[in-house]
Amino acid sequence: KGTGKDYGLSFTALDEKLSVKINRYQSNDLNSRGNEAGTIGQRTLRMEGRVNNGTNFGFALRPWAENLARSRFARQGISAPSSAQVLTATAAIMGMPESWLARLGDNITGLSTDGLTDVTSRGYEIEATYNPTRNWRIKFNVAQQQAIDSNIAPDELNYWTARLPVWTTLKDDNGQLWWTSIATTNLSGTVNNAKDFYLTQLLAPYALAVANQGKPRSQVREWRWNALTNYTFSEGRVKGLSLGGAVRWEDKAAIGFRGAAPDADGIVRTLDKDRPVYDQARYYVDLSAGYGLKLFSDRVRTRLQLNVRNVFEDGR
């Protein structure tokens, strides 16, 4: 659910040629899934064995446990165990309820470790409109915004805490540890095992998100402003023609983070929240041209307009 508060005032001046509006807002998005925590939750399920587009991670736990269960049935002389038997045995190996495991292989709604996060957005908006003449309009606005995550996905951490004693100790009948023994190429083309995947794809981004808890998101462009103008000719040969343009500016924003100090084994597995990599602040220029006319003996008013956004775009 969401809550919000807005406070604003407006006034006019210069014989109402100038109009100014000032607004302060705060909105709270409670129990939100629209963040990195949701992605981490889906990765957790895929490590457990949830199918993604018909494919498992090569080190996913469920197929490993199912193969182990079938091998034990074979040694007992049961060459074709029923699906129910395999499910029961696999659930016992994984330490999960059968009812939960029965749904894990399906991409269905309602089975998720998606962490819920509260997001607070707040800022100021100022807008000024000035009409020096009847034909000339000028508009300017500036906005400051911050987005702050809080209460970040505690359910995910609780889930991992409950599962790690199982994940890190499961062995097959030859004493091979599932946690570290299966090295394979995952869907992104990276060779790793369950342990490495947990450390780099689950724990590292979660630790970064939690480290920034209660602070503004650095990837949000905090400041931006826009200025635009338009002039309409009301007489002469160019009557009905209007020309306009705009300049837009946006603040710098983080596009990623540098690596933190390496772990004891020399591998960098976490990001340093205090060393963001910034995309620079940017300007954009827009142009427009329009023409107003009347059709069908002046019964139908028509306007044709051409807008060109970011006229100096260079292929970036």
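Which residues touch the most other members of the largest nonpolar core? In this predicted model, they are Met47, Trp64, Trp160, Trp167 and Trp178, out of 33 residues in that core. Seven helices each supply at least two residues of the core: α1 (36–48), α2 (61–75), α3 (83–94), α4 (98–104), α5 (154–167), α6 (178–181) and α7 (194–211). In soluble globular proteins, nonpolar side chains tend to be buried together.

Leaving aside neighbours within four places in sequence, Trp178 is in contact with Met47, Phe59, Ala60, Leu61, Trp64, Trp167, Leu170 and Ala194.

Nonpolar residues also occur on the surface. Leu9, Phe11, Ile22 and Ile126 form a nonpolar patch there, and together they have about 330 Å² of accessible area. Phe11 lies in strand β1, which covers residues 2–13. Phe11 counts as partly exposed because its relative accessibility is 40%, and this class lies between the limits of 20% and 50%.

Glu16 has a phi near 65°, which is a positive value in a residue other than glycine. Glu16 sits in the loop between β1 and β2 (18–32). With a relative accessible area of 64%, Glu16 is exposed.

Ala153 is the other residue to look at, with a phi near 45°, again a positive value in a residue other than glycine. Ala153 is found in the loop between β4 (136–150) and α5. Is Ala153 buried or exposed? Its relative accessible area is 0%, so Ala153 is buried.

Notes
Residues numbered from 1 in each chain as written. Predicted model: local features only at pLDDT ≥ 70, side-chain atom pairs only at ≥ 80, totals over all residues. Heavy atoms only, no water. Patch = residues over 30% accessible without salt bridge, like charges linked within 9 Å, V, L, I, M, F, W, Y side chains within 5 Å. Areas by Shrake-Rupley, 256 points an atom, 1.4 Å probe, with all protein chains shown as cover. Salt bridge = Lys/Arg side-chain N within 4 Å of Asp/Glu carboxyl O. Helix = DSSP H or I, 4+ residues; strand = E, 2+ residues; numbered from the N terminus. Buried < 20%, exposed > 50% of the residue type's maximum accessible area, 1.4 Å probe, protein only. Core = buried A, V, L, I, M, F, W, Y, C linked by side-chain atoms within 4.5 Å. Contact = heavy atoms within 4.5 Å.
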